[in-house]
Amino acid sequence: MALVASFQKKLSSRLTVVADFSISLESPSVMVLFGPSGAGKTTILRCLGGLERPDLSPNPFPKGKGSSPLSLGEGLGERSYHGKILYGDEIWFDSEQQIWLPPQKRRIGYLFQEYALFPHLTVEQNIAYGLSHLSSREQRGRIAEMVELLKLYSLRGQRPGELSGGERQRVALARALAPKPRLLLLDEPLSALDAPTREQLRGELRRLLLDFQIPTIVVTHDRLEALSLGDQMAVLIAGRIRQVGSVPEVFSRPADVAVAEAVGMENVLPARVLTSEHEIMTLDVGGRELTAVGSLSGSGVFACIRAEDVILYKEAPVSISARNHLRGRITGLHSEGPLVRVTLDCGFPLTALVTRQAQEELGLSEGGQVVAVIKAAAIHLIAR
Amino acid sequence: MDWVALELSVRLALATTLILLVIGVPLAYWLSFSRWRLKFLVEAVVALPLVLPPTVLGFYVLIAIGPQSPLGQFYQALTSRMLPFSFQGLLVASVLYSLPFTVQPLVSAFSSVDRRLIEASWALGVSHIKTFFRVILPLSLPGVITAIVLSFAHTLGEFGVVLMVGGNIEGITRTAAISIYDHVQALNYEAAGQTALFLVGVSFVVLAVTYGVQRRVWAVWPW
């Protein structure tokens, strides 16, 4: 049993969103659809929910000269387009058979970005909204269950206008979950909240999603949300899914430069391969030599280094296991809460993240000299 | 004061409003949500009575319901009566004349319902028609009230169309507006003034109550 999504939706002459992934339904997990805003994440979610129809043909409206056929080719293939959405063996959408199941028949739970609670109904009536096919006794049971689960006791009789952002989110979740959906679709579930509430609800939402045991897809552009909510993650950039994998994997080993930038990899350095032996590669980055682990073919690569993996020393350390020592000049210091982001010029720009204490102990200041140390294993290589 | 004419006017306005609600709600729903390319043509037709002289509209209605027309013949066969110069004939004309005053507030109310609420309802498994009654209509209540009030008040005050289609038959087609005209023609200014003042009063009260209830500026405005 799997949810298979393979379709495209042309939004404009410049943006065609291509979805091509599948999610196992056997062991319900949370899949994060991650990417910068405008990448087409919500469009994919809406197509899955039946709120929007994917294209029936690879070229739904005559294309101007501007868009190249190549951009389609890397997705599903211009000629062999067969759009489909399958839930197990149930067909939700099929471009060849011209099947499109309306949202009412998909039995999904959809959480809108601004929650879209019915303003004229009380919390309880909102939760009961999708339950009209049940007997009134069953309805009462289901409402009680949801009220219990999401701790809405005191809010039952209130209207959405009287609720705080966090409360609205809980009510919207309760409403989506009450009919026991087969698939939960969450569109930026936390973005409508203020920062403190968001912090607090992030962990809570993860626990709830684990409890429900419903396959879930979460759309977000927020790295922290992706990290804290997801098991699996698909990165969508400019309408294309660039990488699918477990959340830690995508964050530490981005498949390409665009993904690296999207997941906030601070240092993405173009490098030239000097030697490559026994999975140890020597690279030339801006005239400096770096040793990294990997065995990519080709003469050019990108070296990705997380800022927190860069260690700073006042003097070059003697006898240390880390392979890469780079002398550099500090070009900038930016404090980020308890941490300080240090930008260096080592012949190429390099960003390091250190604590405020470390900054004081080392006496880091702009223009000062330091040695940056990076373990070979902390450098992730991407083919160029 | 011409109570017979006033009673007739109110009766005509109530009946017209009722019929317009039955016709106007589905029409407004369609106009709000249809994606048909030529929808604007229908919109233009619905809005025509706003700009046409009442005599033009009345003239065509008179032709359309006359004994020569299919509609007139059908009605005659059915009831062995004629539509022109009858209350029923007036009703047909009033419905057409006040149509935009019902449809436009409804369309603007239906269209301003947050699209996501409608989609949320669909995602919860609720059909289009039930979504209309459970989400769109309750949230459009101010618009519905506006439509009712405007249709009623507009029908109450119509003159040209009534004169063209209904003529001036006491108790049957002589509405308040016509009665005023009659009295003025007969130089009976006192009677005309009383009825006129009464109409002003009724219209003012109806509009004032609507504004008061809705607490929204421009609530009673057709677009």
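I first noted the rule for naming elements: helices (H or I, at least four residues) and strands (E, at least two) are DSSP runs, numbered from the N terminus. I also recorded that this is a predicted model, in which local features need pLDDT of at least 70, side-chain atom pairs count only at pLDDT 80 or more, and totals for chains, interfaces and linings use all residues. Residues are numbered from 1 along each chain as its sequence is written, while chains are lettered from A and ligands numbered from 1 in the order in which they are written.

**Entry 1: strand E13 of chain A**

I looked up strand E13(A), residues 280-285. Its covered face holds Met281(A), Leu283(A) and Val285(A), and its uncovered face holds Ile280(A), Thr282(A) and Asp284(A). In a regular strand the side chains alternate between the two faces of the sheet.

**Entry 2: its neighbours**

I then checked pairing, which requires that DSSP find at least two bridges between two strands. Strand E12(A), residues 267-277, runs antiparallel to E13(A) and is joined to it by five bridges; Glu277(A) has Ile280(A) as its bridge partner. Two residues separate these strands in a hairpin, and His278(A) in the turn has a positive phi of about 45°.

Strand E14(A), residues 288-293, pairs antiparallel with E13(A) over six bridges, with Thr291(A) opposite Thr282(A). This hairpin also has two residues between its strands, and Gly286(A) in the turn has a positive phi of about 50°.

**Entry 3: chain B against chain A**

I found 14 residues of chain B in contact (C-beta atoms, placed from the backbone, within 7 Å) with 15 residues of chain A. On the chain B side, helices H6(B), 115-123, and H7(B), 128-139, are the elements giving two or more residues. H6(B) supplies the largest share, six residues.

Conventions. A residue is buried if 20 or more other C-beta atoms lie within 10 Å of its own, exposed if 12 or fewer, and partly exposed in between; C-beta atoms are placed from the backbone. Two residues are in contact if their C-beta atoms, placed from the backbone, lie within 7 Å.
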